[in-house]
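Visitor: I would like to learn how to read strands, sheets and helix contacts in a model. Could we go through it step by step?

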Amino acid sequence: MADRVTGTERVKRGMAQMQKGGVIMDVVNKEQAKIAEEAGAVAVMALEKVPSDIRAAGGVARMADVSIVEEVMEAVSIPVMAKVRIGHIVEARVLESLGVDYIDESEVLTPADDLFHLDKKPFTVPFVCGCRDLGEAARRIGEGASMLRTKGEPGTGNIVEAVRHLREVQSQVRRIVHMNEDELMTEAKNLGAPFEVLLQVKETGRLPVVNFAAGGVATPADAALMMELGADGVFVGSGIFKSKNPEKFARSIVEATTYYQDYQKIGELSKDLGEAMKGIDMKTLRAEDRMQDRSF
Amino acid sequence: MSEQKYRIGILGMQGATEEHASHLQQAGHEPILIKNRELLETVDALIIPGGESTAIWRLMKKNNLVDAVKQFAQSKKPIFGTCAGLVLLGKGQVDAEQSVHLGLMDVQVKRNGFGRQRDSFEANLDVNGMKEPYPAVFIRAPYIESAGERVEVLAAYDDKIVAAKEENLIVAAFHPELTDDNRFLELFLSLVEEKPVLTV
């Protein structure tokens, strides 16, 4: 029909709104994708390696082999996301042409451009980007991101950075809401944020797009914590398939995300889970290994 | 519209619950997020929101909500299913490996019938009983492949059924909660008015 319009801001942001309260899981093949779907994931992120393996392998991390992305898309009926390097226009266009449902312009991969993120508005496929504070969140929205996530520190199984980033964004949102409009331009300058995005935050009292937690979620209690702090949903990277019992971790994290204030249930879900992924203390992480600082 | 204030449940497994809640509040009704069967018994009507139908289904099964919602429907209380809600209310899905459905409405559903996210679209939709077209937002949307005799088709797009009503059930393949147009919500609330619930 003639009046059908695709790729609008509403359908791009709306897709993320449908994911709210859900868990998006990193997978590296069709078997893992099936396990994730079976456990109740709302989407899967198709990757060549989960972040902790990317960390261990070192070198340049790039977009996944197309055959892996296709294999995962073939295997499941839930949405499939995939990552591109920051600023890599062609990786993004390739994933879009494959029909991937969402693209993560991700600091987990080695950036292709150390000055500019993608101009995401001309794409039909929507993008999710990481943020540590409101300035970064607003810049990504200004570039056309339709969904945000905290950066956290990927592949560490340590929730502390994701907590810091989520709290920071929210406290800055609260401050904007209580500001007078004549203070906003200077705040925009200080945060390095587009004025229009801050104005929208002030008027609506929230970010104009969905904001998930990511980067360090390893247990059902971690997922529930991020929901408690106000995340719209949760990404779990290495936390599931680096645990001893992926099926059980996946199911339990999904349920803990929905019932994040039912502490008795979370207690039940945390019983006999087996070992979670081995984590990394931030103090032992070298500055050059911090993925969250790979962005601007 | 009635002055009466209703308690409207929103199934809270996952999905666009806040959007429905804010529309209900603006219309003067009380939204209740439903995560267990006890709370379900206290509401006048239920919305099953958009989200991922497989995820919502698995959480419903695990938490004893499948039979509870079936009983709710059998008591003739109204249910409004949008997108994933339509998939769940139907009698099954065509071409699906594993069908997730409550089997309450006599329709067969084609999940993601309009394609993947790149095919998600907005369009102005002619709806039976509405004078002006409805601004419909379709996101990885399903459609109704076939419908039983008692199902009243409310709207079709590209010759595919995208909104329908059967007794106390109403479904839309698109997302009224993502627009400011309250006409579908009003249609649903009119069902609550038709079937006043006796106070317990």
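Visitor: Which residue in β4(B) is the bridge partner of Ile48(B)?

Guide: The general idea is that strands of a sheet pair through backbone hydrogen bonds, in a parallel or an antiparallel way. This model is predicted. Here, Ile48(B) has Gly81(B) in β4(B) as its bridge partner. Strand β3(B) and strand β4 of chain B, residues 79-82, pair in the parallel sense over three bridges.

Visitor: How many bridges link β1(B) and β3(B)?

Guide: Three bridges, again in the parallel sense, pair strand β1 of chain B, residues 7-11, with β3(B). In that pairing Ile10(B) stands opposite Ile47(B).

Visitor: Are the residues on the two sides of β3(B) buried or exposed?

Guide: Start with the rule that side chains in a regular strand alternate between the two faces of the sheet. In strand β3 of chain B, residues 45-48, Ala45(B) and Ile47(B) lie on one side, with Leu46(B) and Ile48(B) on the other. All four are buried, and both faces of the strand are covered.

Visitor: Where is Ala172(B), and is that residue buried or exposed?

Guide: Ala172(B) sits in strand β12 of chain B, residues 169-172. Its relative accessibility is 0%, and because buried means under 20%, Ala172(B) counts as buried.

Visitor: Which residues does Ala172(B) touch?

Guide: Leaving out residues up to four places away in sequence, Ala172(B) touches Phe80(B), Gly81(B), Thr82(B), Cys83(B), Leu86(B), Val162(B) and Ala163(B). Gly81(B) has already come up, as the bridge partner of Ile48(B).

Visitor: How many residues of β5(A) are buried?

Guide: Five of the five residues in β5(A), residues 102-106, are buried. Tyr102(A), Asp104(A) and Ser106(A) point one way, while Ile103(A) and Glu105(A) point the other way.

Visitor: At what angle do α7(A) and α9(A) pack?

Guide: The angle between α7(A), residues 160-178, and α9(A), residues 195-204, is about 80°, with the axes 8 Å apart. The two helices are therefore roughly perpendicular to each other. Val173(A), Ile176(A) and Val177(A) of α7(A) meet Leu198(A), Val201(A) and Lys202(A) of α9(A). By class, five residues of this contact are nonpolar, none is polar and one is charged.

Visitor: At what angle do the axes of α10(A) and α12(A) cross?

Guide: The axes of α10(A), residues 220-228, and α12(A), residues 246-258, cross at roughly 25° and come within 8 Å. These helices are therefore roughly parallel to each other, and their crossing is right-handed. Pro220(A), Ala223(A), Ala224(A) and Met227(A) of α10(A) meet Ser252(A), Ile253(A), Ala256(A) and Thr257(A) of α12(A). The contact has six nonpolar residues, two polar and no charged.

Visitor: What is the order of strands in the sheet that includes β1(A) and β7(B)?

Guide: The order is β1(A)-β7(B)-β8(B), an open sheet of three strands with antiparallel pairing. Two bridges join β1(A) to β7(B), residues 121-125, and Thr6(A) stands opposite Phe121(B). At the edges are β1(A) and β8(B), each with a single partner strand, so one side of each has no neighbour in the sheet.

Notes: Residues numbered from 1 in each chain as written. Chains lettered and ligands numbered in written order. Predicted model: local features only at pLDDT ≥ 70, side-chain atom pairs only at ≥ 80, totals over all residues. Heavy atoms only, no water. Axes fitted to C-alpha atoms, helices over the stretch in contact; angles between N-to-C directions. Parallel < 35°, antiparallel > 145°, perpendicular 65-115°, else oblique. Left-handed = near helix turned anticlockwise from the far one by under 90°. Contact = heavy atoms within 4.5 Å. Nonpolar A, V, L, I, M, F, W, Y, C, P; charged D, E, K, R; others polar. Buried < 20%, exposed > 50% of the residue type's maximum accessible area, 1.4 Å probe, protein only. Pairing = 2+ DSSP bridges.
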